[in-house]
6 protein chains.
Amino acid sequence: MTNDSDMTKRTIKELSEYGSYGDLYLSHKGGEPLPSGIVLKEIVTLVRAIIFPGYFGDPMVNKNTIQYHIGVNIDNLQTLLTEQILAGICYSKRNCEICQDNNENRHKAKEIATKFIAYLPELRRLLGTDVEAAYNGDPAAESYEEIIFCYPAIRAISNYRMAHKLQELGVPLIPRMITEMAHSETGIDIHPGAVIGEYFTIDHGTGVVIGQTAIIGKNVKLYQGVTLGAKSFPLDEDGKPIKGIPRHPILEDNVIIYSNATILGRITIGEGASIGGNIWVTKNVPKGAKVIQNRTKEVSVITDDK
Amino acid sequence: MTNDSDMTKRTIKELSEYGSYGDLYLSHKGGEPLPSGIVLKEIVTLVRAIIFPGYFGDPMVNKNTIQYHIGVNIDNLQTLLTEQILAGICYSKRNCEICQDNNENRHKAKEIATKFIAYLPELRRLLGTDVEAAYNGDPAAESYEEIIFCYPAIRAISNYRMAHKLQELGVPLIPRMITEMAHSETGIDIHPGAVIGEYFTIDHGTGVVIGQTAIIGKNVKLYQGVTLGAKSFPLDEDGKPIKGIPRHPILEDNVIIYSNATILGRITIGEGASIGGNIWVTKNVPKGAKVIQNRTKEVSVITDDK
Amino acid sequence: MTNDSDMTKRTIKELSEYGSYGDLYLSHKGGEPLPSGIVLKEIVTLVRAIIFPGYFGDPMVNKNTIQYHIGVNIDNLQTLLTEQILAGICYSKRNCEICQDNNENRHKAKEIATKFIAYLPELRRLLGTDVEAAYNGDPAAESYEEIIFCYPAIRAISNYRMAHKLQELGVPLIPRMITEMAHSETGIDIHPGAVIGEYFTIDHGTGVVIGQTAIIGKNVKLYQGVTLGAKSFPLDEDGKPIKGIPRHPILEDNVIIYSNATILGRITIGEGASIGGNIWVTKNVPKGAKVIQNRTKEVSVITDDK
Amino acid sequence: MTNDSDMTKRTIKELSEYGSYGDLYLSHKGGEPLPSGIVLKEIVTLVRAIIFPGYFGDPMVNKNTIQYHIGVNIDNLQTLLTEQILAGICYSKRNCEICQDNNENRHKAKEIATKFIAYLPELRRLLGTDVEAAYNGDPAAESYEEIIFCYPAIRAISNYRMAHKLQELGVPLIPRMITEMAHSETGIDIHPGAVIGEYFTIDHGTGVVIGQTAIIGKNVKLYQGVTLGAKSFPLDEDGKPIKGIPRHPILEDNVIIYSNATILGRITIGEGASIGGNIWVTKNVPKGAKVIQNRTKEVSVITDDK
Amino acid sequence: MTNDSDMTKRTIKELSEYGSYGDLYLSHKGGEPLPSGIVLKEIVTLVRAIIFPGYFGDPMVNKNTIQYHIGVNIDNLQTLLTEQILAGICYSKRNCEICQDNNENRHKAKEIATKFIAYLPELRRLLGTDVEAAYNGDPAAESYEEIIFCYPAIRAISNYRMAHKLQELGVPLIPRMITEMAHSETGIDIHPGAVIGEYFTIDHGTGVVIGQTAIIGKNVKLYQGVTLGAKSFPLDEDGKPIKGIPRHPILEDNVIIYSNATILGRITIGEGASIGGNIWVTKNVPKGAKVIQNRTKEVSVITDDK
Amino acid sequence: MTNDSDMTKRTIKELSEYGSYGDLYLSHKGGEPLPSGIVLKEIVTLVRAIIFPGYFGDPMVNKNTIQYHIGVNIDNLQTLLTEQILAGICYSKRNCEICQDNNENRHKAKEIATKFIAYLPELRRLLGTDVEAAYNGDPAAESYEEIIFCYPAIRAISNYRMAHKLQELGVPLIPRMITEMAHSETGIDIHPGAVIGEYFTIDHGTGVVIGQTAIIGKNVKLYQGVTLGAKSFPLDEDGKPIKGIPRHPILEDNVIIYSNATILGRITIGEGASIGGNIWVTKNVPKGAKVIQNRTKEVSVITDDK
């Protein structure tokens with residue numbers, strides 16, 4: 001046992017040396033914590049409770065008490081969100097010494113949280129259009145309640161719309177953490193940088209990928225497995241990808257993309273166009289076009305009696 | 001800070017007004033809660049513990065004590081399930097004033113819970129066939145234990161089979177909540193309305209979609225990413241989809257569908273047929289047929305030295 | 001109610017009989033528990049905290065205190081891992097009477113845990129290469145922090161690399177449980193038996209499947225929905241699949257596979273080759289080749305004005 | 001082991017027979033639960049948060065948000081208290097078949113909860129006088145904050161005042177449960193039936209007992225270990241104690257009782273009287289009297305050099 | 001900050017040296033844990049649920065299901081108790097190398113747990129007599145339910161009776177841990193070594209102390225603050241107290257001791273005797289005697305007008 | 001129901017008005033939280049784990065790993081204690097605007113936490129003497145382990161010694177919160193301001209009170225129910241008690257006070273003196289004296305045959 005114990009001591013020593021952890025260690029200059037996944041989950045839950053009262057949060061809320069519940073939820077949201085935004089700001093300024101006790105940073109965090117809260121009525125309106133679109137687009141949907149309560153698309157789009165607003169307000173890291181939570185729960189991966197119009201819906205959803213610079217119009221519907229991706233990306237002189245170049249598709253209003261289709265590159269799918277399932281599109285598609293596979297040429301059916 | 005605080009107060013007021021929340025608010029007429037996702041998780045866990053003793057629930061169960069453990073689990077299941085079914089019934093009758101204290105509703109909920117419990121031996125038998133099918137269909141499977149313990153397909157099919165029975169018994173909303181739990185955990189999305197025979201298995205599973213009116217025979221195997229979907233759906237006079245029309249495929253016994261294939265519409269895949277991966281099928285496939293891609297025509301290989 | 005209650009009693013009795021549970025019951029010969037999913041989650045969390053200090057585990061760790069934190073984490077890891085490995089060993093010897101109090105088994109479990117701990121510096125080095133590959137391969141990645149904190153690929157590859165080592169050390173069942181945890185969280189399904197080189201990355205990831213006997217070189221990149229699967233598998237005389245035969249692809253160094261491509265069978269994708277999205281490959285691909293779809297032949301665009 | 005297992009089976013059987021559990025089993029006629037200690041703790045915590053905002057409950061409450069927090073706390077209190085009162089009512093009517101679904105009982109429970117809530121402003125006023133009395137009576141008290149936050153007397157008196165009101169409103173069982181919680185936490189045992197005026201305080205408190213029919217005026221102070229008990233109690237024809245007869249002391253305004261004094265029987269301690277420590281009193285004490293021990297007669301001091 | 005950090009490092013070093021912790025460190029020879037306070041709480045809760053079905057444990061138990069609940073509770077009790085007894089045995093043999101994997105120790109632990117379980121029907125009978133005594137002795141008691149649910153005496157006596165049996169069965173350390181739990185909750189300190197007959201009750205209870213070698217007959221009642229203590233104890237040659245000598249009182253049947261009385265030394269309080277409150281007794285008291293204070297001689301009443 | 005709902009709205013409004021809550025509301029000027037009882041419990045647990053390794057905290061600590069565990073515990077203690085001390089400092093400066101982000105306050109809090117940590121070796125030494133005194137003073141004590149693990153006195157004295165040091169270091173509020181935790185758990189109420197020498201022990205303990213200005217020498221032993229209190233306290237011109245005047249007893253070395261004795265006022269109990277049980281002492285007691293009750297004069301024994 002002595003040998004084991006010595007070996008373990010050596011391993012501890014090795015793992016504790018800078019040479020071993022290097023870039024894989026997160027150095028908190030001022031001893032300040034990173035944004036917390038657990039608190040961000042609470043934040044998302046609070047926003048959901050505010051947007052959809054009676055569905056999430058206290059189920060017993062009624063018209064007499066709704067103002068109290070929304071008041072408390074917003075008060076808690078303000079507190080938690082300010083702390084997390086501050087942690088995000090400080091993370092992005094890793095070279096500063098004492099960040100979270102810096103009044104300027106704290107003031108900025110509070111201001112952003114307040115702006116986000118002021119955006120909540122518009123967020124509710126937008127998500128309302130998404131619920132309506134899901135209901136109208138799915139014959140299996142029996143009620144708004146079923147959609148709000150069960151549909152992964154609503155969960156993923158809610159997280160995306162929150163994250164997108166926070167990104168617009170200049171918050172680092174947190175938007176991506178929020179969309180990745182939804183990705184883990186639903187298999188739908190929407191980058192917070194994407195721009196998505198109202199009445200947006202995704203059916204089933206697993207495997208959907210919407211890239212950072214994608215632009216989606218109003219009343220667009222995607223099915224499971226759809227990728228709105230980049231075709232390629234330019235490298236800089238060091239062979240590293242150049243960040244921030246538009247490289248994902250633009251979908252105009254009323255577009256439908258069927259399951260497992262892959263749309264790649266900064267192309268435009270024109271208004272009202274539809275793309276059939278399992279199709280690979282890398283060129284512009286005109287307004288109103290229907291892109292489908294030429295099935296007959298492609299598939300062989302070998303019958304048993306052959 | 002005063003301005004911030006005033007702005008926040010206005011936001012609270014705005015979010016608390018009917019005009020803002022409208023349809024996004026769940027009004028509980030009698031002040032009664034909706035079915036609870038947390039309790040449904042407990043219910044699923046109890047059923048799993050009853051079906052697979054020693055795997056889930058108390059790990060120390062043995063032949064001397066199994067009757068006590070199953071007795072307690074069923075007693076708890078009866079209590080929790082009755083409450084949830086009652087909540088489901090009351091949710092579906094949103095216009096009634098006092099639902100959960102209504103003896104008729106409570107009696108009906110209890111009756112359904114009892115019928116579900118009486119179904120458990122058959123549920124165990126069915127899931128036993130699914131475990132056997134998974135073992136026989138996967139060379140990587142080392143034991144029944146590995147399959148019951150680890151395989152996402154067994155988790156998704158267990159939830160589906162519970163949910164399907166509850167739907168048959170006329171329970172609203174809850175069946176969909178149960179299958180969506182499995183969807184979130186496994187990426188396998190089976191609608192509780194689908195009808196699926198014994199010895200059913202899914203390999204890997206992420207991205208599988210089985211629609212509401214799909215009918216699947218015995219001994220069928222699907223791979224990851226397979227969609228059994230609707231090709232299109234008729235709209236009513238208002239442009240809304242007509243609910244409840246059969247629109248998903250029928251798979252007869254002994255069918256295999258390989259990964260990422262898409263089968264759309266109320267078509268029939270005949271007994272023993274197999275559909276190759278990444279294929280898009282919208283027409284009937286005869287008994288025993290093998291549908292494969294004509295690869296040579298479709299792919300270009302550009303070698304380096306070109 | 002008497003009838004209900006009698007019916008329920010009969011159901012309990014039926015479910016408690018051997019004929020009903022048969023193979024679906026896990027008999028613990030010595031009254032010893034199976035490996036525990038909850039404890040394995042703690043173990044994975046501890047390993048993550050050791051590998052990426054400051055990201056996971058105690059966020060306040062700094063250079064003065066890192067040795068204490070790593071020491072305690074490794075001490076706890078040793079204890080928990082030894083117990084779980086012991087449970088795994090005893091599970092695999094279901095015919096023995098008292099396994100966990102058997103000194104030989106306990107000694108072996110401890111030895112394996114110690115070897116796993118000695119492997120942690122190398123595990124850190126390998127995961128460091130994976131983080132670097134993710135950063136260099138994704139223009140949307142803003143920092144190492146974002147990748148370590150948010151990217152599902154890092155989570156899935158971390159679990160895979162732990163699980164693979166434990167499998168190499170001869171631990172039963174646990175490796176598969178660890179990779180299935182990541183599968184559930186990320187939609188990425190990597191079998192612990194696969195062999196994967198350094199600088200490995202997966203973009204987005206949902207739907208990726210890497211089979212048991214796949215071999216992947218250095219600096220390989222996969223996109224979402226890629227399958228490295230088996231084409232078919234030989235059956236034994238009883239019609240059961242023969243276990244353990246190499247049946248998944250070999251990917252040499254610097255290969256890229258784009259989204260939703262399916263590579264099947266024990267074929268080799270040569271060094272530096274790239275496979276386009278949605279492609280189905282069942283034959284060897286030479287070094288440096290680019291495999292793409294012949295799009296023009298395959299797709300019809302029906303414009304609106306038709 | 002077989003013998004052990006048989007013996008245990010026999011014990012289970014024996015313990016499951018009516019002859020064994022008889023009166024020690026609580027039969028819930030309608031399958032309805034008893035009041036829950038855990039929920040009563042939540043209720044006490046909610047009341048504390050309402051009475052002392054900023055001390056208990058959400059610490060961040062401020063003047064802008066206090067109305068929302070109080071609104072939500074009262075909404076939750078209404079819900080939880082109604083359920084517990086209903087459980088208490090049904091417990092007290094053990095011969096009825098379906099109690100909790102009985103509209104009359106439910107209506108009564110709701111009415112009592114509403115009355116209790118209407119009493120909260122007066123409860124706050126009363127507890128405010130108790131805090132003031134504690135501050136003025138203890139040179140070690142540094143601030144109101146210390147008293148509200150730390151003093152066991154405030155905790156015990158808070159629980160007593162809640163419980164007393166609930167008893168007045170006719171709620172069974174629950175009042176005693178609430179005072180026993182405080183008894184366990186503080187060692188102060190106040191029966192909910194006692195009547196206690198404003199500006200009441202207890203110093204240190206451990207061992208204080210205040211009996212069911214005690215009556216205490218305004219501005220009374222007790223020290224640790226004081227008993228206000230019954231001297232004896234009449235028995236009925238069966239030798240059982242007759243319930244409900246006044247048998248505990250009356251303390252008029254401004255009385256002080258020092259530590260470990262015992263006051264027994266339905267006697268009156270007159271206004272402004274004080275009773276010295278460790279004294280045993282069973283007769284009326286006139287207004288303004290000081291009762292002290294004749295120490296010189298009673299104690300021997302044996303010095304060392306004897 | 002460097003100085004602080006250095007100082008802290010020195011403190012860590014100092015606290016980690018044997019010279020500093022010496023006897024205050026519990027060395028687990030075989031790396032085996034001590035009995036766990038948390039698990040003992042679970043054990044006490046299980047026993048309470050078995051003894052008083054419907055009060056503790058699952059509140060919904062009924063005559064149809066009681067056997068399942070008792071079966072599961074006893075199964076869990078067997079498992080948990082065996083582990084804790086084993087930990088207790090190993091703690092008492094601190095010089096052995098591998099205790100808990102020693103079959104002899106494990107076998108002995110299991111045997112004791114089985115004997116304790118076989119004692120449960122008698123334990124239930126005894127506690128039934130205590131409940132009856134509490135009801136008959138307290139005019140404030142409204143029902144058996146109130147006593148079982150709320151009375152600290154029942155909690156303290158339950159823990160004592162469990163602990164006493166375990167001590168009789170030779171279990172080290174654990175009996176004392178169980179009675180100290182009750183001491184903390186109720187202020188009643190009964191040593192597990194005391195011998196106490198049936199129909200025992202304690203009113204209010206805070207401050208009661210019953211010493212290790214006390215012997216209490218049937219139908220005895222104590223009030224709060226009563227001490228049954230040692231008068232003095234002989235020292236050995238090294239000036240250390242000699243352990244195990246009878247030094248606490250014997251109370252014969254039907255004795256009553258009123259509040260805060262102190263009975264010291266191995267004296268006998270004869271059958272049916274009663275001892276008044278606040279009295280100090282160090283000599284035998286004959287059968288049927290009433291010991292009271294001579295109040296008139298002892299107290300001065302100074303009236304206000306003096 | 002409308003009336004109820006209106007009444008409740010009015011109550012909410014009333015409870016939310018300043019006139020109602022006044023002094024009972026804790027106003028956090030800078031929106032900063034008070035010290036937290038929950039975190040203080042963690043802190044006490046950490047200190048216990050550092051002082052008594054193997055008893056509290058990780059039970060598996062051994063000589064190879066103790067330094068890591070103590071390092072991590074101290075690192076966590078530093079973080080948590082600094083935050084709580086800062087909250088205490090800010091609470092005591094209720095008129096400042098932004099306290100917790102004030103660098104001076106934060107720096108002071110850190111400095112105090114560091115000093116407290118530097119005191120831990122001495123705290124361990126002192127508590128070691130207390131454990132030894134308990135062992136030597138109690139014939140029922142079977143081992144050091146039993147004392148450290150079970151004895152309420154050790155728990156109460158540990159909390160007192162921590163709290164006393166924090167008070168010496170000038171921390172507001174927190175010391176009292178820590179001693180009141182122990183008071184609630186053990187019934188032993190030691191004010192953090194008292195001064196207590198080494199080798200201190202309390203037997204049983206319930207009801208012990210040690211006042212703010214008491215001074216206790218070395219090797220002193222108290223029994224349950226002992227009060228070291230104030231006889232009276234001077235009032236200022238407004239009739240409020242003057243704070244901070246010495247008013248509690250001085251006990252010199254080697255004093256023993258038996259159960260329920262009450263020692264009042266700034267008197268001195270001389271070296272080696274002993275005070276009998278239930279005695280009331282308000283005058284100095286000379287060195288070595290034994291103070292006992294004159295029992296014969298005081299008690300009447302009425303025998304049955306009278």
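In chain E of this predicted model, E:Ile275 stands opposite E:Val291, a residue of strand 14. The two strands concerned, strand 12 (residues 274–275) and strand 14 of chain E, pair in the parallel sense over 2 bridges.

**Strand 14 of chain E**

- Strand 14 of chain E covers residues 290–293, and its side chains alternate between two faces.

- B:Asn278 is not a glycine, yet its phi is positive, at about 60°.
- The loop that holds B:Asn278 runs between strand 12 (274–275) and strand 13 (280–281) of chain B.
- Is B:Asn278 buried or exposed? It counts as buried, because it has 22 C-beta neighbours inside 10 Å and the cut-off for a buried residue is 20 or more.
- D:Asn254 is a residue other than glycine that also has a positive phi, near 65°.
- D:Asn254 is found in the loop between strand 8 (250–251) and strand 9 (256–257) of chain D.
- With 18 C-beta neighbours inside 10 Å, D:Asn254 counts as partly exposed.

**Make-up of chain A**

- Chain A contains 10 helices and 15 strands.
- Taken along the principal axes, the box filled by its C-alpha atoms is roughly 70 × 65 × 45 Å.
- Of the 306 residues in chain A, 57% are buried.
- Among the contacts in chain A with a separation of 6 or more, 46% join residues 24 or more positions apart.

**Chains A and B**

- Chain B is superposed on chain A by a rotation of 120° with 0.0 Å of shift along the axis, at an RMSD of 0.1 Å.
- This is the relation of a three-fold axis.
- The contact between the two chains takes 58 residues from chain B and 54 residues from chain A.
- Which element of chain B gives the most to the side that touches chain A? Helix 1 of chain B does, with 7 residues.
- Other elements of chain B that give two or more residues to this side include helix 2 (18–21), helix 9 (174–186), strand 7 (227–229) and strand 14 (290–293).
- By class, the side of chain B that touches chain A has 24 nonpolar, 23 polar and 11 charged residues.
- Only 14% of the interface residues of chain B are also interface residues in chain A, so these copies meet through different surfaces.

**Chains D and F**

- A rotation of 120° with 0.0 Å of shift along its axis places chain D on chain F, with an RMSD of 0.0 Å.
- In this contact, 54 residues of chain D meet 58 residues of chain F.
- The elements of chain D that each supply at least two residues of the side touching chain F include helix 3 (37–51), helix 4 (66–92), helix 5 (103–118) and helix 6 (120–137).
- Helix 7 (144–150), helix 9 (174–186), helix 10 (295–298) and strand 15 (299–302) of chain D also each supply at least two residues of that side.
- The side of chain D that touches chain F divides into 24 nonpolar, 22 polar and 8 charged residues.
- Why do the copies meet through different surfaces? Only 15% of the interface residues of chain D are also interface residues in chain F.

Note on methods. Residues are numbered from 1 along each chain as its sequence is written. Chains are lettered from A and ligands numbered from 1 in the order in which they are written. This is a predicted model: local features need pLDDT of at least 70, side-chain atom pairs count only at pLDDT 80 or more; totals for chains, interfaces and linings use all residues. Copies are superposed by least squares on the C-alpha atoms of residues with pLDDT of at least 70 in both. Two residues are in contact if their C-beta atoms, placed from the backbone, lie within 7 Å. Helices (H or I, at least four residues) and strands (E, at least two) are DSSP runs, numbered from the N terminus. Ala, Val, Leu, Ile, Met, Phe, Trp, Tyr, Cys and Pro count as nonpolar, Asp, Glu, Lys and Arg as charged, and the others, Gly among them, as polar. A residue is buried if 20 or more other C-beta atoms lie within 10 Å of its own, exposed if 12 or fewer, and partly exposed in between; C-beta atoms are placed from the backbone. Two strands pair if DSSP finds at least two bridges between them.
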